[in-house]
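Hi,

Here is the model I promised to pass on.

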Amino acid sequence: MTRNSRPLAIFDLDGTLADSGHRQRFLERKPRDWDAFFAAAPDDPPLAKGIEMCLRAAEECEVMYLTGRPERCRRDTLTWLAEQGLPEGRVFMRRNDDRRPARTTKLEILRRLGRDREIRMLVDDDELVCGDAERAGFRVVRAGWAAGPTEAMKDAQEREGRT
């Protein structure tokens, strides 16, 4: 079996693999402090259940990461993934100027990947992303092991397209 024939396991980061709860406070301010929010991402504690699921999935699948983080966070994100001992894999990030809702951008990427490859699972904590992915026919694992997002985080994901 070639690498490209392996099914894909696609993991979200914030709230799935990384506990972003400590930095949600930056979104509760007016105006929201996006620079501080993303600057604090390297300090995210790992979420054990998500990390374990990702490592298990890598035994049978090619792991990829799908996040609403902007491209400018790539270096910190790759460093964080490596520090957690997670499998190397392609990381899909939002363009710095892309403000569409996460459920729109993520579903677009899932559909593109699903044209050529089996997507064994998407693991994500965003209920809107999960719902849209399920309706599109993808197998979804809802990452409910982190503290839920604050109202400010939900608003940021859906209305501001920032994470």
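Strand 4 and strand 5 (residues 140–142) run parallel and are joined by three bridges; two strands count as paired if DSSP finds at least two bridges between them. Between these two strands the chain passes through helix 5, and the β-α-β crossover is right-handed (with the strands pointing away from the viewer, the path from the first strand over the helix to the second runs clockwise).

Before you go further, some ground rules. This is a predicted model, so local features need pLDDT of at least 70 and side-chain atom pairs count only at pLDDT 80 or more, while totals for chains, interfaces and linings use all residues. Residues are numbered from 1 along each chain as its sequence is written, and side-chain values use heavy atoms, with hydrogens and water left out.

**Overall layout**

The chain has six helices and five strands, where helices (H or I, at least four residues) and strands (E, at least two) are DSSP runs numbered from the N terminus. Along the sequence they follow the pattern β-α-α-β-α-β-α-β-α-β-α. Of the 163 residues in the chain, 52% are buried; buried means under 20% relative accessible area, exposed over 50% and partly exposed in between, with a 1.4 Å probe and protein chains only.

**The strands**

Strand 4 (residues 119–124) has five of its six residues buried, so it is largely enclosed by the rest of the structure. On strand 1, I10 stands opposite L122 of strand 4, and the two strands run parallel with four bridges between them.

Strand 1 also runs parallel to strand 2, again over four bridges, with A9 opposite V63. How many residues of strand 2 (residues 62–70) are buried? Nine of the nine, so this strand too is largely enclosed by the rest of the structure. E62, M64, L66, G68 and P70 point one way, V63, Y65, T67 and R69 the other way, and all are buried.

Strand 2 in turn pairs in parallel with strand 3 (residues 91–94) through three bridges, and Y65 has V91 as its bridge partner there. Together with helix 3 (residues 74–83), strands 2 and 3 make a right-handed β-α-β unit.

**Two aspartates to check**

D14 sits in the loop between strand 1 (8–11) and helix 1 (34–39). Its relative accessibility is 7%, which is why D14 counts as buried. The side chain of D14 makes a polar contact of 2.6 Å with that of R69; by polar contact I mean a pair of N or O atoms within 3.5 Å, where within protein one must be able to donate a hydrogen and the other to accept it, and residues adjacent in sequence count only if both atoms are side-chain atoms. D14 and A146 are 132 residues apart along the chain, yet their C-alpha atoms are separated by 9.4 Å.

D132 belongs to helix 5 (residues 127–135) and is buried, with a relative accessible area of 16%. A polar contact of 3.4 Å links the side chains of D132 and R103.

**The aromatic cluster**

Rings of Phe, Tyr and Trp (its six-membered ring) pair if their centres lie within 6.5 Å; planes under 30 degrees apart count as stacked, over 60 as edge-to-face and the rest as tilted. That rule gives three aromatic pairs. One of them is W34 with F37, edge-to-face at 5.7 Å centre to centre and 80 degrees between the planes. Another is W34 with F38, which is stacked: 5.9 Å between centres and 25 degrees between planes. W34 and F38 are four residues apart in helix 1, so about one helical turn separates them.

W34, F37 and F38 form one aromatic cluster. W34 and F37 are both buried, and F38 is buried as well, with a relative accessible area of 5%. The charged end of R23 sits over the ring of F37, 4.5 Å from its centre (the criterion is NZ of Lys or CZ of Arg within 6 Å of the ring centre and within 35 degrees of the ring normal).

Which peptide bond is cis? The one from K30 to P31, with omega near -5 degrees. P31 is in the loop between strand 1 and helix 1.

Cheers
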